Amino acid sequence: MTEAYIVDAVRTPIGKKKGGLSGVHPADLGAHVIKAVVERTGIDPGDVDDVVFGCVDAIGGQAGNIARTAWLAAGYPQHVPGVTVDRQCGSSQQALHFGAQAIMSNTADLIIAGGVQNMSQIPISSAMTAGQQYGFDTPFGGSTGWTERYGSDEVSQFKGAEMIADKWDISREELEQWALQSHERAKAAIAAGRFDNETVPLGDATVDEGPRETSLEKMASLQPLVEGGRLTAAVASQISDGASAVLLASDEAVKKYGLKPRARIHHLSARGDDPIFMLTAPIPATQYALEKTGLTIDDIDLIEINEAFAPVVLAWIKEIGADPAKVNVNGGAIALGHPLGATGTKLMSTLLNELERTGGRYGLLTICEGGGTANVTIIERLDS
């Protein structure tokens, strides 16, 4: 089987809601990272076999196959196709998986995988609420099969996160301590320039805009999302704008174009779990990935798990037995933001750069996703 390599990975700074990227058309956001990865690697864009991009809420400027639109907006050849993937919050991680699988199957040699999301322009769940004019209050209501299996109770990430905190008995104080740590780690990483190699500034957005000054006292003063609950806005990911992209290459492409890969795809898979809990699938997905590879969690040097909500990460740590010191070492989505369709390859760019900085060998990325699924990607850093 052909190996799939990561040649480079880039992302925009992550803009906060109504921040520096809020006025940028999604196609131009995507085009920006596509151009950056092409220019940094020196490839001929005409040699790219496909562009695979993740995006959630594909309406308005994100509709009409944003992968294709972004490629054309970048000014690149029309013969190169594009396809848009929606696996909810893991969309661009799945885009990376599809690209790597194409290479591993010998059906492609050069793939640009990534994602884009402008949540300031198109709010989360816009595609779902747009269906109301056609008589669909939710994607699930009205489905006989769904209702017979799962009932008619609320299906939401907020409910799922609260259920996770309850099931794993994670206190509000623990959630807020993790959230504070996320901000502190993110601010330290920005100050130390740890994101400089992966970020490509765009307009007024020159640095990640999410991290803020906060404290346990400030967090404790917030009202919970539901009466008697443990979750507040402080322990949830931020509404964000951004884009990210990676260049994937086969052995043959590496040799033919004189490329210098930075990492090898060691493993990729996806698994599902209860869609009402929604956000627990990283647990069985990680267990499956470790079993398939023969690795233990102690063999993994660095971990990026999306901080959709603090209980997602803390429950995962409890079940997997991971060392918290290896998890989201430069902060996570609570501090840095979560631009839905762009988050997967955004986190991959951070994971890759941190492995190189610290000299680690294996890095693991996992993201909880709407519908109760999760992807896991394990990469192996290559010596420079």
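## Close-up views of the predicted model

**View 1. Helix α11 has these buried residues: Ala310, Pro311, Val312, Val313, Leu314, Ala315, Trp316, Ile317 and Ile320.** Here buried means under 20% relative accessible area, with a 1.4 Å probe and protein chains only. Everything in these views comes from a predicted model, in which local features need pLDDT of at least 70, side-chain atom pairs count only at pLDDT 80 or more, and totals for chains, interfaces and linings use all residues. Residues are numbered from 1 along each chain as its sequence is written, and side-chain values use heavy atoms, leaving out hydrogens and water. Helix α11 spans residues 310-320 and is mostly covered, with 9 of its 11 residues buried. Helices (DSSP runs of H or I, at least four residues) and strands (runs of E, at least two) are numbered from the N terminus. The partners of the buried α11 residues are the helices α6 (157-167), α7 (172-191), α10 (282-293) and α12 (333-336), together with the strands β8 (302-305) and β9 (362-369). Just after α11 comes glycine 321, with a positive phi of about 80 degrees.

**View 2. Helices α10 and α11 cross at roughly 40 degrees.** Their axes, lines fitted to C-alpha atoms over the stretch in contact, with angles from 0 to 180 degrees between N-to-C directions, come within 9 Å. The crossing of α10 and α11 is right-handed, a term for a near helix turned clockwise from the far one by less than a right angle. Pro282, Ile283, Thr286 and Gln287 of α10 meet Ala315, Trp316, Glu319 and Ile320 of α11; contact means heavy atoms within 4.5 Å. Sorted by class, this contact of α10 with α11 holds 5 nonpolar, 2 polar and 1 charged residues. Nonpolar covers Ala, Val, Leu, Ile, Met, Phe, Trp, Tyr, Cys and Pro; charged covers Asp, Glu, Lys and Arg; the others, Gly among them, are polar.

**View 3. Alanine 308 sits in the loop between β8 and α11.** With a relative accessible area of 3%, alanine 308 is buried. Apart from neighbours within four places in sequence, alanine 308 is in contact with Ala236, Ser237 and Cys368. For a sense of scale, tyrosine 5 is 303 residues from alanine 308 in sequence, and their C-alpha atoms are 28 Å apart.

**View 4. Helix α1 (residues 26-41) packs on helix α2 (residues 66-73) at an angle of about 65 degrees.** The axes of α1 and α2 lie 7 Å apart. The two helices are therefore roughly perpendicular, the word used for 65 to 115 degrees. The crossing of α1 and α2 is right-handed. Pro26, Ala27, Asp28, Gly30, Ala31 and Ile34 from α1 touch Ile66, Thr69, Ala70, Trp71 and Ala73 from α2. This contact of α1 with α2 contains 8 nonpolar, 2 polar and 1 charged residues.

**View 5. Glycine 30 belongs to helix α1.** Glycine 30 has 0% relative accessibility, so it counts as buried. Beyond its neighbours within four places in sequence, glycine 30 contacts Phe53, Ala70, Val116 and Ala243. Glycine 30 and valine 116 are 86 residues apart along the chain, with 5.6 Å between their C-alpha atoms.

**View 6. Serine 269 is part of strand β7 (residues 263-272).** Serine 269 counts as buried because its relative accessibility is 11%. Its side chain makes a polar contact of 2.7 Å with the side chain of histidine 267. A polar contact is a pair of N or O atoms within 3.5 Å; within protein, one must be able to donate a hydrogen and the other to accept it, and residues adjacent in sequence count only if both atoms are side-chain atoms. Not counting residues up to four places away in sequence, serine 269 touches His97, Tyr288, Ala289, Ala374, Asn375 and Val376.

How values were computed
Parallel < 35°, antiparallel > 145°, perpendicular 65-115°, else oblique. Buried < 20%, exposed > 50% of the residue type's maximum accessible area, 1.4 Å probe, protein only.
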